[in-house]
Amino acid sequence: MNTPAAIHHIVWDWNGTLLDDNPVMLASVNAVCAHFGRPAIDIETWRAALCRPLWRCYGKVLDRDLSAPEDWGVVERVYHEAYRRNLVHCRTASDAEETLALAQERGLTQSLLSMGLHHDVIDQAERFGVSGRLVRVDGVKGAVAGGHKADHLQAHLDALGLDPRTCALIGDVTDDAAAARAMGAECVLVTTGMTGRPELEATGHTVADSLAEALDRIVQGVFTPTAALPQTVTAD
């Protein structure tokens with residue numbers, strides 16, 4: 001299937017996409033559970049609860065209303081403290097380095113947009129050696145993370161001066177699909193993160209099992225164009 005416009009730029013997601021951090025993310029979620037006196041959960045329970053905004057997701061798991069900023073702030077603090085402690089156990093995806101290099105060889109520019117806190121994302125991209133392949137790295141610049149990605153994607157592409165129709169987002173959650181569709185960018189989703197294949201396929205976007213496959217789909221133009229899909233997609 002041909003794309004409606006040539007793709008010149010890849011926007012990579014970070015957690016669960018370029019960064020293989022599922023076990024560390026789950027351990028950090030369970031640190032939040034422990035803080036609130038809830039027994040630890042397994043990855044399938046977390047996947048079933050996962051939605052945006054994240055305060056709703058944690059609200060399901062903890063059985064409490066976390067919509068107030070001060071309540072969500074506690075979750076954010078506990079989670080990020082645990083995540084930073086456990087970051088030593090993370091690594092990039094097994095094909096991340098090779099795929100980033102191949103995209104560069106193909107003449108594509110690349111950037112990273114994460115819904116993690118900006119200073120953490122900047123530090124992590126440098127720490128794991130991917131910054132040199134990227135023209136821009138952005139996280140959430142506010143005090144807390146966990147919202148929807150669409151507005152951040154718009155700001156990211158505006159800062160780069162790029163037409164969304166010439167960009168493709170590669171991510172691992174349905175919110176990535178929603179953001180790409182809202183902006184008119186292309187999107188391929190990977191099964192390497194916390195979201196299961198059925199939920200990813202339900203967005204209508206092409207689903208790949210690796211970063212290399214996702215890039216190949218984009219380069220070859222064999223993915224479902226955003227223009228062929230309904231205008232809206234839920235991120236929940």
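**Salt bridges and a helix contact in the predicted model**

The side chains of Asp20 and Arg91 meet in a salt bridge, with 3.3 Å from N to O, a salt bridge being a side-chain nitrogen of Lys or Arg within 4 Å of a carboxyl oxygen of Asp or Glu. The structure is a predicted model, in which local features need pLDDT of at least 70 and side-chain atom pairs count only at pLDDT 80 or more, while totals for chains, interfaces and linings use all residues. Residues are numbered from 1 along each chain as its sequence is written, and side-chain values use heavy atoms, with hydrogens and water left out.

The pair of Asp20 and Arg91 links distant parts of the chain, 71 residues apart, since Asp20 belongs to strand β2 (residues 19-20) and Arg91 to strand β3 (residues 91-92); helices (H or I, at least four residues) and strands (E, at least two) are DSSP runs, numbered from the N terminus. Asp20 counts as partly exposed because its relative accessibility is 29%, whereas Arg91, at 53%, counts as exposed. In these terms, buried means under 20% relative accessible area, exposed over 50%, and partly exposed in between (1.4 Å probe, protein chains only).

The structure holds 12 salt bridges. One of them joins Arg136 to Asp138, whose closest N and O atoms are 2.7 Å apart; Arg136 is partly exposed, with a relative accessible area of 28%, but Asp138 is buried, with 5%. In another salt bridge, the side chains of Asp209 and Arg197 meet at 2.7 Å, N to O. Asp209 lies in the loop between β8 (206-208) and α10 (211-220) and Arg197 in helix α9 (residues 197-201), so that this pair ties together parts 12 residues apart in sequence. Asp209 is partly exposed, with a relative accessible area of 45%, and Arg197 is partly exposed as well, with 29%. A network of salt bridges links Asp13, Lys149 and Asp176.

Helix α3 (residues 54-62) packs with helix α4 (residues 69-86) at an angle of about 85°, their axes being 11 Å apart. Axes are lines fitted to C-alpha atoms, for helices over the stretch in contact, and angles run from 0 to 180 degrees between N-to-C directions. The angle therefore makes α3 roughly perpendicular to α4, a description that applies from 65 to 115 degrees. Leu54, Trp55 and Tyr58 of α3 and Trp72, Val75 and Tyr79 of α4 make the contact, where contact means heavy atoms within 4.5 Å. The residues of this contact divide into 6 nonpolar, no polar and no charged.

How values were computed: Angles under 35 degrees count as roughly parallel, over 145 as roughly antiparallel, 65 to 115 as roughly perpendicular and the rest as oblique. Ala, Val, Leu, Ile, Met, Phe, Trp, Tyr, Cys and Pro count as nonpolar, Asp, Glu, Lys and Arg as charged, and the others, Gly among them, as polar.
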